[in-house]
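Okay, thanks for coming, everyone.

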Amino acid sequence: MIRIEKDGWIVTGDTKEEASQGVAIVQNALRIVIPTTLSEAIRYFRDVQMCHDYMVRIKWPDGKIRCPACESLRVGNISSRRMLQCKDCRKQFSVKVGTIFEDSPLGLDKWFVAVWVTTNASSVSSRELGRSLDVTQKTAWFMLNRIRRNRKIAL
Ligand SMILES: [Zn+2]
């Protein structure tokens with residue numbers, strides 16, 4: 001079960017069963033293999049184009065990308081910069097728009113690893129995550145905290 005909240009953030013069901021169902025749907029939709037270790041997750045999410053496509057599928061599961069400014073469905077890709085642009089109001093936006101990642105300069109390749117950690121490897125410390133992502137321990141702590149504070153999502 002996957003649904004989109006008002007703020008564009010994705011949640012899976014509250015119970016374990018519902019959550020795993022959600023993961024299965026996402027996995028099926030993307031035909032992905034969920035990483036089982038931190039180093040696998042780093043390798044897996046290093047592909048920024050894949051992260052971009054993944055986020056598109058999470059945010060707009062019906063494949064209809066909607067402009068956050070005018071709701072238009074006429075949205076095109078600026079593929080060189082992995083940005084999207086509305087053909088009606090001309091607004092440019094990234095797939096991070098309307099999510100807790102929006103105001104962060106960190107890429108989804110790093111954020112998705114942190115999300116993966118909160119879901120699959122809660123014993124990983126912010127120190128270890130920071131070292132793995134090549135960010136400071138403080139940044140890693142902030143990332144984990146922001147994810148945990150906001151929503152339950154599964155990657
Ligand atoms: Zn627009």
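So, the secondary structure comes to 6 helices and 5 strands, where helices are DSSP runs of H or I of at least four residues and strands are E runs of at least two, numbered from the N terminus. Along the sequence the pattern reads β-β-α-α-α-β-β-β-α-α-α.

Before the details: this is a predicted model, so local features need pLDDT of at least 70 and side-chain atom pairs count only at pLDDT 80 or more, while totals for chains, interfaces and linings use all residues. Residues are numbered from 1 along each chain as its sequence is written.

On to burial. Of the 155 residues, 25% count as buried, and by that I mean 20 or more other C-beta atoms within 10 Å of the residue's own, with exposed being 12 or fewer, partly exposed in between, and C-beta atoms placed from the backbone. The largest nonpolar core has 24 residues; a core here is a set of buried Ala, Val, Leu, Ile, Met, Phe, Trp, Tyr and Cys residues joined through C-beta atoms within 7 Å.

Which elements give two or more residues to this core? They are α2, α3 (48-59), α4, α5 (126-133) and α6 (137-150). α4 gives the most, with 8 residues. Among the members that touch the most others are W111, F112 and L144. A114 touches L129, M143, L144 and I147, leaving aside residues up to four places away in sequence, and contact means backbone-placed C-beta atoms within 7 Å.

Now look at α2 (residues 38-45) against α4 (residues 108-120). They pack at an angle of about 150°, axes 9 Å apart, with axes fitted to C-alpha atoms, for helices over the stretch in contact, and angles running from 0 to 180 degrees between N-to-C directions. That makes α2 and α4 roughly antiparallel, the word for angles over 145 degrees. On the α2 side we have L38, A41, I42 and F45, meeting D109, F112, V113, W116 and V117 in α4.

Most residues other than glycine have a negative phi. E71, in the loop between α3 and β3 (75-78), has a positive phi near 70°. D134, in the loop between α5 and α6, is also not a glycine and has a positive phi of about 60°. Buried or exposed, these two? E71 is exposed, with 10 other C-beta atoms within 10 Å, and D134 is exposed with 9.

Conventions. Angles under 35 degrees count as roughly parallel, over 145 as roughly antiparallel, 65 to 115 as roughly perpendicular and the rest as oblique. Two residues are in contact if their C-beta atoms, placed from the backbone, lie within 7 Å.
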